[in-house]
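Hello,

Here is the structure I promised to hand over. Please open it first, then read my notes below.

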Amino acid sequence: MIADDELLAPYLAAWREDSLYPSLPHSRELARTAMLAAVASGRRGLLGRALWFNAGFRLRGLRVRIAGFVGAVAVAAAVAAMGWNAPAGSFLHGVRVARQSVQLAVPGADLAGLHLEFAEQSLADARDGIDPAASLADARSELDAAREVLPADHSSPLWTRWGDDEAILGTEEAAPAGGGGRPAGDPAGGSAPSAAAPHSPSDDEATVPRTAAGGDGSADPTERPGAAPSPSSSPSWGGNDGGDNTPPSASAPTSSPHDN
Amino acid sequence: MGDEPGEGDHIYQQSVRLTEAVDAARRGDARGWDVLFERFHADVHAYALARLGGWSDAEDVTQETFVAAVGSIRNLRDGQEPVVQAWLLHICRHKVIDHARRKGRQQRTVDLGVAAAPDPANVAEAKLRAADMREALSHLKEDQRDVLVRRFVLDQSLEEVAAGTGRSVGAVKSMQHRGLTALRRILPAAPG
């Protein structure tokens, strides 16, 4: 028994008596006040946490939406930038086509000029060796579209430009084929080399394409470079004009450099 | 339970009241906390004073214990008195350890500023013995100190200590034995 322990008993008794002495009333009330304050602040804290959770949830949702919007805009901008001039046959070529469609859809846009510009871009791609077949097809499509909207006035520089582009296209189309023939009605004539040659604006006075050189006089100025328009031909389409820019039937090509 | 029905009813009513108080405290009801404070303040204060010795330290730790209890009421398993007491003493024990760690090993002080006693000389002698006891306790293991406080200050039975500390009765008995043996070895060498 501890009570019989002469050494420990007095120590334990003194320790116990000293420890059981009651708290001072003032200290006791201070402890109670602190506890009740904690209870009150705990209730406020609970409410505050609940409000903060809701607000935080809403903020997080807003942040997610904003981040998603910004991310989508960034991705769209990146795709647009990468596909702005994506050559034919590339993954993002559709972006370039869409961009060109938008440019053409702008009211008051110079449609002929735009089609020629797009055709020249495709020709440049083909010359750079970027999927030549697809690029040339694009160029062909654009030049055909340009021809539909070229001004009635054949003295317009656009006609000259169109003729130049047609000549280049003819050259490019003929090159891979090693002098192969063009589709019927769209011959790659021997005028192509001259089309690529530099010329002065005065050359366009009669709206006769430079491809007319060496022609037999029966060609139409709107004919493909392979055609041989007559130097004396009128800017108008003659009997086949009608103001619709529809070219008369193309004459047979007289010669082609690729035929040599 | 006593033999007299009135006493049993009183204990039962106290038990129900305590359970309701715990439920109210869980809901953040100040009245529930007030009941817990009234019921267990003396135990917590005695535990802190037995461990720390200094009055101001014991008051601080007691206050910290009840404030901390507000935040950890969700850890209380049920509203039975031994469970609530064990829960509060568990918190108090950790507060004592934190307090001692904060203050570090301080010079032993004997607080004689307690209420006057009939014989100041006897009071001083008792105070010195209590201080020697606490000094000797500081050389024991934490678990042994905890068991000795519960057994010899709070007068808890071996079973109550076992339930309050989550140990078996045998383990508590063994800890008590080793603690007392260590005290016998230390106390004769203690000054005073």
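An α-helix has 3.6 residues a turn, so residues three or four places apart point the same way.

After α4(A) comes Gly129(A). The phi of Gly129(A) is positive, near 85°.

Now the whole of chain A. What is it built from? Chain A has seven helices and zero strands. Read from the N terminus, its elements run α-α-α-α-α-α-α. The chain has 260 residues, and 31% of them count as buried. Take the contacts in chain A between residues at least 6 apart in sequence: 56% of these join residues at least 24 apart.

Next, the meeting of the two chains. In chain A, 27 residues are in contact with 32 residues of chain B. Helices α1 (8-19) and α2 (25-83) of chain A each supply at least two residues of the side that touches chain B. Which helix gives the most? That is α2(A), with twelve residues. By type, this side of chain A divides into 17 nonpolar, four polar and six charged residues.

One residue of chain B deserves a look: Gly32(B). It lies in helix α2 of chain B, residues 30-52. Gly32(B) is then in contact with Ala21(B), Val22(B), Asp23(B), Ala24(B) and Ala25(B). Leu18(B) is 14 residues from Gly32(B) in sequence. From C-alpha to C-alpha, the two are 8.3 Å apart in space.

Last, confidence. Chain B has a mean pLDDT of 83, and 82% of its residues reach 70 or more. For the complex, the predictor gives an ipTM of 0.81 and a pTM of 0.49. Where pLDDT is low, the predicted coordinates should not be read in detail.

Best wishes

Terms used:
Residues are numbered from 1 along each chain as its sequence is written. Chains are lettered from A and ligands numbered from 1 in the order in which they are written. This is a predicted model: local features need pLDDT of at least 70, side-chain atom pairs count only at pLDDT 80 or more; totals for chains, interfaces and linings use all residues. Helices (H or I, at least four residues) and strands (E, at least two) are DSSP runs, numbered from the N terminus. pLDDT is the predictor's confidence in each residue, from 0 to 100. A residue is buried if 20 or more other C-beta atoms lie within 10 Å of its own, exposed if 12 or fewer, and partly exposed in between; C-beta atoms are placed from the backbone. Two residues are in contact if their C-beta atoms, placed from the backbone, lie within 7 Å. Ala, Val, Leu, Ile, Met, Phe, Trp, Tyr, Cys and Pro count as nonpolar, Asp, Glu, Lys and Arg as charged, and the others, Gly among them, as polar.
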